[in-house]
Every structure is written in structure tokens, then in C-alpha cells.
Amino acid sequence: MKTKRLFAALAVAATLAAAACSSGGDDNKGVNADGSVDLSQVTLHVGDQKGLALQALLEVSGEIKNLPYKIEWSTFTAGPPLLEGINSGSVDFGGVGDAPPVFAAAAKSQIKIVGVYDSGAAGNAVVVPKDSAIKDPKDLRGKKIAVTKGSSAHYHLLSVLTKNGLTFGDIEPQYLQPADALAALSTGRVDAWTVWDPYAAQAEVGGARVLVDGTGYVKPDSFYVTGTKTLHKANAAAVRDLLERLRRAHTWITGHREEWAKQSSGITGVPYDVTLLAVNRANYQDHPLDDATIAAEQQVADGFADAKLIPGKVRIADYIDTRFNDRFTS
């Protein structure tokens, strides 16, 4: 029963309300007759994940106080379904890893990357059972490896394989959501699991061994993404405010990691020891969407295209909006 409860805490289904219409669909909502913005008329529909815990982040840091607009939350198991929500207009804003925007762009989704922060490479991991004969990434040849398709873990796995002379054709990928993958690893139905925190931390606490983390394999950026229509008028002003609140919250975390782990654990349902392990190896460094960041994300897109895991090339610059970069110069 404890295992089932833990799976339930980590596997959160998307809770999109079909009848709910994001404020991004109305260009004039929140705009006064004189052109000024009234944020009290804006509602941002924000998608969340266990790994990013944006709602907990704002609540624990105190940045949720005195919001001039409303936020309605939906929780997702991974980045790809979150971006599907953004593309459909059910969600305005969310945080994801490096791969989900690439898959969304390949599908010609109506998204824009509007912010970025360094989340730390150590929170990405390929884990194996503690008594596994797999000792080196090259030992992954011929093995069944669980991974969430289109997630940051998908690119981490691709990078690990490529740098060790392997391809996806050399393994048996098992495309599973995190809770199903954890169960598969625990019961021996897969040989390895590639995943991000807090799921990687959960596997470790449960006795799994880290074969290799993301250090040297990935540029550990996480991205904030909006719908194209969300960036009109008052909604763009709300997005700017939210990005600044998240940036301040990240600054707060760096000096309060244990407090953050304890309080966010109570909100997310992820056990404290798991949360603390993930928090202690994470970075929370916001930075501009500069040329180097865009080039690194283009490398992710090219890697998936070269491996024929997406249909053709993607030009990442077409899916980036740098209007909020001025937050780092003012």
C-alpha cells in the first residue's frame, strides 16, 4: 500500500478543464480604453510538474502573495502533455526541460519559449537496479530502457548513447510515464530507467544505482513556455510579472534548501528525503535567452532530427521570444 501511495504521489494526471478558456484567447481582456493594462482582469492558466513545483515554489517563497492577476493550476506528469495543453489553449504558461519544446516545435505547435534557468545536470540520471550487471553506459546495448518520450530524459538518453558509440537502434526503448517506469524497474521488466528529479531521487532512495547523470551530457536548462496567443497585451504583462516572481523565488531557495524541501514536500506529496536529495543537487539560476542558450537548444533539436526521432529539422529560434531578456539588464 505504501508503494501504491508513493506512485500516486508521483504520477499526477493532467487536470485540464475543457470548458475553461485561457485568458490568452482574448486579445483585449485586461486592456483599458486608454491602452493601459488592468491585470486584475487576467487569469493565467499555469501548468505544473512535480519536478518544477511552480505552485509550491511561489507559495513557500511567499511570492504568491499580492498577485495582481489570478492563476489557475493544472498538474502534469511530464513536459510533453503540458505543451500539448499550451498548444490547445487550455494552458497559458508552464515549465519544461530541454526536449519537450523540440517535439512541440516539430509538431508545429503554437508555443514560445520566454524564459530559462539552469536547473542542474545531476538531477538527470540513468538508473539501474543496485545489483545490475550494467556498470558502464556501453553496457546498455541490447537492454530495455524506460524513458518518457519527448521528455528531457529522452535527450539525456540520446546523448548518453551517442557519446558512448550507441544508437536508439542498439537498445529497446520502453516509452513509459514516470510511475509506470518506476514500477517496471522495480519488478525487473526493464533494465534501466532514464528520468529527471524528483523521480531519479525516488529511485535512488528506493535502492537504485545511478549509472550516469547528466553531467557532461546535457546543458541543464529548463524553459518557461507560453502559448503564442498568451503573449498579447495584458497577458504578456502578467507573464513578465510571473517570471520575475519565479526568479526571486529561485534566489530564495538557494539560501533555504532544507526549508524548501520540507515545505514543498508537504505540498507536493513527494517524501522529504526524496525532495531534499533532489533539491540539494539542483541549481536555480535564471539567465537570459541568449545566443549560447538558443544554440544549445538547437543542438538538442538537431540531435533528435539526426536520430530520426522527430520528423525533420526544427529551427528553434522561430519558437523563442526574447522580449523578457531585459529583466536581466534593468
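I began with a helix pair: α8 and α9 come out roughly perpendicular to each other. The angle behind that is about 115°, and the axes of α8 (residues 233–254) and α9 (residues 257–268) sit 6 Å apart. Since 65 to 115 degrees counts as roughly perpendicular, I kept the label. Next I looked up who makes the contact: W252, I253 and T254 on the α8 side, R257, E259 and W260 on the α9 side. Sorted by class, I get 3 nonpolar, 1 polar and 2 charged residues for this contact.

Then confidence, as I'm working with a predicted model. The chain averages a pLDDT of 89, and 89% of the residues score at least 70. Which element has the lowest confidence, and which the highest? Helix α1 (residues 2–10) is lowest with a mean of 41, while strand β6 (residues 144–147) is highest at 98. Over residues 1–21 the pLDDT stays under 50. Where pLDDT is low, the predicted coordinates should not be read in detail.

On to the second largest pocket. I noted a volume of about 310 Å³. Its lining has 20 residues, and Y155, S159, Y217, Q299 and V300 lie nearest the centre. I checked which elements give two or more residues to that lining, and found α5 (152–163), β10 (221–227) and α11 (291–306). The largest share is from α11, with 7 residues. By class, the lining of this pocket splits into 8 nonpolar, 6 polar and 6 charged residues.

Last, the backbone. Where does a cis peptide bond turn up? I found it joining D197 and P198, with omega at about 10°. P198 belongs to the loop between β8 (192–196) and α7 (199–205). I also flagged K108: its phi is near 60°, which is positive although the residue is not glycine. K108 is in a loop as well, the one between α4 (99–106) and β4 (111–118).

To come back to for a second look: the D197–P198 cis bond, the positive phi at K108 and the α11 side of the second largest pocket.

Technical notes. Residues numbered from 1 in each chain as written. Predicted model: local features only at pLDDT ≥ 70, side-chain atom pairs only at ≥ 80, totals over all residues. Heavy atoms only, no water. 1 Å grid on protein atoms, 1.4 Å probe; cavity = no way out; pocket = protein on both sides within 12 Å on 5 of 7 lines; lining within 4 Å. Points joined across faces, edges and corners; volume = space filled by probe spheres on them. Helix = DSSP H or I, 4+ residues; strand = E, 2+ residues; numbered from the N terminus. Nonpolar A, V, L, I, M, F, W, Y, C, P; charged D, E, K, R; others polar. pLDDT = per-residue confidence, 0-100. Contact = heavy atoms within 4.5 Å. Axes fitted to C-alpha atoms, helices over the stretch in contact; angles between N-to-C directions. Parallel < 35°, antiparallel > 145°, perpendicular 65-115°, else oblique.
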